[in-house]
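Please look over the sequence and the structure shown below.

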Amino acid sequence: MIRRLSKFLFFIAFIVMTAGSSVALASDDIQIKTARIEYTDNTYRLLTSYSLDFNHSLEEMLSHGIPLYFKTEIEVVRPRAFWFNEIPVSKSRTTRISYNVLTRQYSISIPGTIQRNYSTLEEALSAIRYPPGWSIADQSDLSPGEEYQVAVRIMLDISQLPKPFQINALNNHDWRLVSDWKRFSYVP
């Protein structure tokens, strides 16, 4: 009886360790290096930088002309003691990277900015790693002097991929790029 119980506990521990390591691997693929909010011209802008590298599977898919989409999400919450938290800002922005086989150029497209072309993948990835400031709120959206909790993350948006690749992405760790939530406090 004790021997069976010890084998069962060893099996459970093995499963927990294996599951934990796969989650840790998934969150290490993209890391948020910096994230801060800056107030200029009556708007609040999110300024970020990421650590991002493509694995061989993603490079190969991109080189065959299939675009990849990275979604950045931000949520600004004002905690309240006696009521539900207020969420004045909850937004997402998608960055598209593609490769044109005929011109042999990489293209980055971010909504609200112009589309830019790059001759190498490293230059294009640099544009994703250091995106331009993103206007997330107007002056009237946040109250001066109040403390807000900000959460930011970035991920490969597999829902934008063609259907056959979406199925493969669910089963393949190489395609599940997601950062942990970067959390910080902000007082306007």
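## Contacts and overall make-up

Among the contacts in the chain with a separation of 6 or more, 63% are between residues 24 or more positions apart. A contact here means heavy atoms within 4.5 Å. The model is predicted, so local features need pLDDT of at least 70 and side-chain atom pairs count only at pLDDT 80 or more, while totals for chains, interfaces and linings use all residues. Residues are numbered from 1 along each chain as its sequence is written, and side-chain values use heavy atoms, with hydrogens and water left out.

The chain has 4 helices and 9 strands. Helices (H or I, at least four residues) and strands (E, at least two) are DSSP runs, numbered from the N terminus. Read from the N terminus, their order is α-β-β-α-β-β-β-β-α-β-β-α-β. Of the 188 residues in the chain, 36% are buried. Buried means under 20% relative accessible area, exposed over 50%, and partly exposed in between, with a 1.4 Å probe and protein chains only.

## The sheet of three strands

Three strands form an open sheet in the order E1-E2-E7, and their pairing is antiparallel. Strand E1 (30–40) and strand E7 (134–138) are at the edges with a single partner strand each, so one side of each has no neighbour in the sheet. From one strand to the next the twist averages 25°. Such angles run from 0 to 180 degrees between N-to-C directions, and the axes are lines fitted to C-alpha atoms.

Two strands pair if DSSP finds at least two bridges between them. E1 and strand E2 (residues 43–52) have 10 bridges in the antiparallel sense. Arg36 has Leu47 in E2 as its bridge partner.

## Strand E3 and its partners

Strand E3 is mostly covered, with 9 of its 11 residues buried. E3 pairs with E4 in the antiparallel sense over 10 bridges, and Phe70 has Thr95 in E4 as its bridge partner. E3 also pairs with strand E8 (residues 148–156), again in the antiparallel sense, over 8 bridges. Here Lys71 stands opposite Met155 in E8.

## Helix H3

Which residues of H3 are buried? They are Leu121, Ala124, Leu125, Ala127, Ile128 and Arg129. The elements that cover them include E2, helix H2 (56–63), E3, E4, E5 and E6.

## The cavity

On a 1 Å grid over the protein atoms alone, a cavity is a set of points where a 1.4 Å probe fits but cannot get out, and lining residues have an atom within 4 Å of a point. Grid points are joined across faces, edges and corners, and a volume is the space filled by probe spheres set on the points. There is 1 cavity of 30 Å³ or more, and the largest cavity has a volume of about 80 Å³.

Its lining includes Phe70, Thr95, Ala127 and Ile128. E2 gives the most to this lining, with 3 residues. By class, the lining of the largest cavity has 8 nonpolar, 3 polar and 1 charged residues. Ala, Val, Leu, Ile, Met, Phe, Trp, Tyr, Cys and Pro count as nonpolar, Asp, Glu, Lys and Arg as charged, and the others, Gly among them, as polar.

## The pocket

A pocket is an open set of points with protein on both sides within 12 Å along at least five of seven lines. The largest pocket has a volume of about 160 Å³. Among its lining residues are Ile108, Tyr118 and Ala127. Strand E5 (105–109) and strand E6 (116–118) are the elements that give two or more residues to this lining.
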